[in-house]
Amino acid sequence: MSIFKANLTLLNKFLKNFTPCFTKKQMAIFILVVYALFKDYKRNSIEAMAKSTNTNYQKLQYFISDSKWDMQAIKQKRLEIIQQQRTTASTKDGLVGIDDTGCPKPFAKKTQGAKWQYCGPLKREETCNVAVASAFVSQTKHFPIDIIPYIPADEFKGGKDNPEFKDKIQIAIELFDNSIETLDIPGVTFDSWYASTKFIEHIHSKDRAFFSEIKSNRNIFTLWNKFNLSYSTG
């Protein structure tokens, strides 16, 4: 029996796939973190998760904040599991979808990345954290591939000139590159905000197609045979 008063054999079997990503002690805490994420919270926090799983707060805090484990290894293992199942694996008729999303933080004062900026879910500006995400999308299935937080330039010394700063287009390019290295996908789709010259030319250099709306106030100039463009009017 578990903290949910139910048999979690299936979940435990799934989580065993991630054993190589952790030490034995880390794995025990990782399992509790996943258990905690199934709980309903009025406001989620490490303290609330520790209480719901009867776990020492400091152990949970250390695991999330300071313990050394490889996030990319966990992400890669998750994608491997998805690709091993016929019902969930990506197919050649699908695309990579890229877009940003936001998590409102109206009362945040010192939260990293939480700034007054456009928040997609609210469709307006708000103090929020923003991240750019990639997902596999087709007519029959979809699943998340990766997500990378966007940290505003003013949180870096030197602002946009700091080499560690990445704007959303740079993050989108990174997500796109990682996706086509992992999955056999012919193209990418995104909204008009991401239809920048830098991103489009990068996609072309990787011999992939893109599908996007173009804002009505933008002009498109192409070199002969450089791009094959298809137009759709509604």
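From which domains does the lining of the largest pocket draw at least three residues each? I looked this up in a predicted model. Domain 1 (1–69) and domain 2 (88–233) each supply at least three residues to that lining.

**Entry: pocket.** I noted a volume of about 1500 Å³ for the largest pocket. I counted 39 lining residues, and those closest to the pocket centre are Leu37, Ile64, Trp69, Met71 and Ile147. I then listed the elements that contribute two or more residues to this lining: helices H1 (9–15), H2 (24–37), H3 (46–52), H4 (57–65) and H5 (71–84), along with strands S3 (124–137) and S4 (142–150). S4 gives the most, with six residues. Sorted by class, I have 27 nonpolar, eight polar and four charged residues in the lining.

**Entry: main core.** I turned to the largest nonpolar core, which has 33 residues; Ile98 and Phe199 touch the most other members. Two or more residues come from each of H5, strand S1 (95–104), S3, S4, helix H6 (168–182), strand S5 (187–190) and helix H7 (197–205). H6 holds the largest share of this core, with seven residues.

**Entry: Ile98.** I checked the contacts of Ile98, leaving out its neighbours within four places in sequence. The list reads Val132, Ala133, Ser134, Ala172, Leu175, Phe176, Val188, Thr189, Phe190 and Phe199.

**Entry: second core.** I also found a separate core of 20 residues, with Leu11, Leu15, Ala36 and Met49 among them.

How values were computed. Residues are numbered from 1 along each chain as its sequence is written. This is a predicted model: local features need pLDDT of at least 70, side-chain atom pairs count only at pLDDT 80 or more; totals for chains, interfaces and linings use all residues. Side-chain values use heavy atoms; hydrogens and water are left out. On a 1 Å grid over the protein atoms alone, a cavity is a set of points where a 1.4 Å probe fits but cannot get out, and a pocket is an open set with protein on both sides within 12 Å along at least five of seven lines; lining residues have an atom within 4 Å of a point. Grid points are joined across faces, edges and corners, and a volume is the space filled by probe spheres set on the points. Helices (H or I, at least four residues) and strands (E, at least two) are DSSP runs, numbered from the N terminus. Ala, Val, Leu, Ile, Met, Phe, Trp, Tyr, Cys and Pro count as nonpolar, Asp, Glu, Lys and Arg as charged, and the others, Gly among them, as polar. Domain bounds come from an automatic or database domain assignment. A nonpolar core is a set of buried Ala, Val, Leu, Ile, Met, Phe, Trp, Tyr and Cys residues joined through side-chain atoms within 4.5 Å. Buried means under 20% relative accessible area, exposed over 50%, partly exposed in between (1.4 Å probe, protein chains only). Contact means heavy atoms within 4.5 Å.
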